[in-house]
Amino acid sequence: MTRSATFAMTAIGLAVTAPVAMAEPVAYEFDKDHTTIIASWDHLGFSRQGIEFTDYDGNLMLDMEAPENSSIEVTFNLADGGFWVGTSGDDSFENHLSSGDLLDVEAFPTATFTATSFETEDGKTGTMTGDLTLKGETHPVTLDVTLNKAGEMRGTTKAGFSATGTMMRSDWGVDYAVPGVSDELQLMIETELVMVADEAGE
């Protein structure tokens, strides 16, 4: 092998084995003043009803350039008023939702969602699949996700997303009143996330 060929092979070997500088996922947190998480169902054909989840926290590590490197874990507190049903002061429906017929929050006070994959072709729209654990059962849920906008706002870095999906509640053992009240739940998430490093901004 000639000296030039040897040099070329050595250079290629160094290029392959040298560490590549890559951007790291960045921590974000929910802007809860601008986040809505709703599950809705068909009520006996008369209307669509739903609940809004209001008590939640997440570990959100986002890589905007390579979404597949992102990680998302969200915990929902279902006890102590962790969701809102808009019952105008009547707690009977909320109490029923919390009971063993449905969410059984005394035995299972939290639910968790852990993302397992992200797929996108254009960096703006795609799917996020994750494992939802509810009432001791874990099953996958897939959401269609749109990045609405990312940029600076009043000294912070924000990203706004819309996501929709469906789940069959009976898969998690929440099958009270099926099929009169629909088994399928429609999921809707509208959220704004703030880069944690920018918390000091206004």
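Guide: Helices (H or I, at least four residues) and strands (E, at least two) are DSSP runs, numbered from the N terminus. The place of Ser162, for instance, is in strand 10. Before going further, note that this is a predicted model, in which local features need pLDDT of at least 70 and side-chain atom pairs count only at pLDDT 80 or more, while totals for chains, interfaces and linings use all residues. Residues are numbered from 1 along each chain as its sequence is written, and side-chain values use heavy atoms, with hydrogens and water left out.

Visitor: Is Ser162 buried or exposed?

Guide: Buried means under 20% relative accessible area, exposed means over 50%, and partly exposed is in between, with a 1.4 Å probe and protein chains only. Ser162 has a relative accessible area of 17% and is therefore buried.

Visitor: Which residues is Ser162 in contact with, and which side chain does a polar contact join to that of Ser162?

Guide: Contact means heavy atoms within 4.5 Å. With neighbours within four places in sequence set aside, Ser162 is in contact with Asp144, Val145, Thr146, Asn148, Ile189 and Glu190. A polar contact is a pair of N or O atoms within 3.5 Å; within protein, one must be able to donate a hydrogen and the other to accept it, and residues adjacent in sequence count only if both atoms are side-chain atoms. Here the side chains of Ser162 and Glu190 are joined by a polar contact of 2.7 Å.

Visitor: How many aromatic pairs does a search of the whole structure find?

Guide: Rings of Phe, Tyr and Trp (its six-membered ring) pair if their centres lie within 6.5 Å; planes under 30 degrees apart count as stacked, over 60 as edge-to-face and the rest as tilted. The search of the whole structure finds five such pairs. One of them is formed by Trp41 and Phe93, an edge-to-face pair at 6.3 Å centre to centre with 65° between the planes. Trp41 lies in strand 2 (residues 36-43) and Phe93 in helix 2, so this pair ties together parts that are 52 residues apart in sequence. Trp41 is buried, with a relative accessible area of 9%, whereas Phe93 is partly exposed at 31%. In another pair, the rings of Tyr56 and Phe76 have centres 6.3 Å apart and planes at 50°, so the pair is tilted. That pair links distant parts of the chain, with Tyr56 in strand 4 (residues 56-62) and Phe76 in strand 5 (residues 71-77), 20 residues apart. Tyr56 and Phe76 are both buried.

Visitor: Which residues do ring pairs link into a cluster, and which charged end sits over the ring of Tyr56?

Guide: The cluster linked by ring pairs consists of Phe30, Phe53, Tyr56, Phe76 and Phe83. As for charges, one sits over a ring if NZ of Lys or CZ of Arg is within 6 Å of the ring centre and within 35 degrees of the ring normal. The charged end of Lys32 sits over the ring of Tyr56, at 4.8 Å from its centre.
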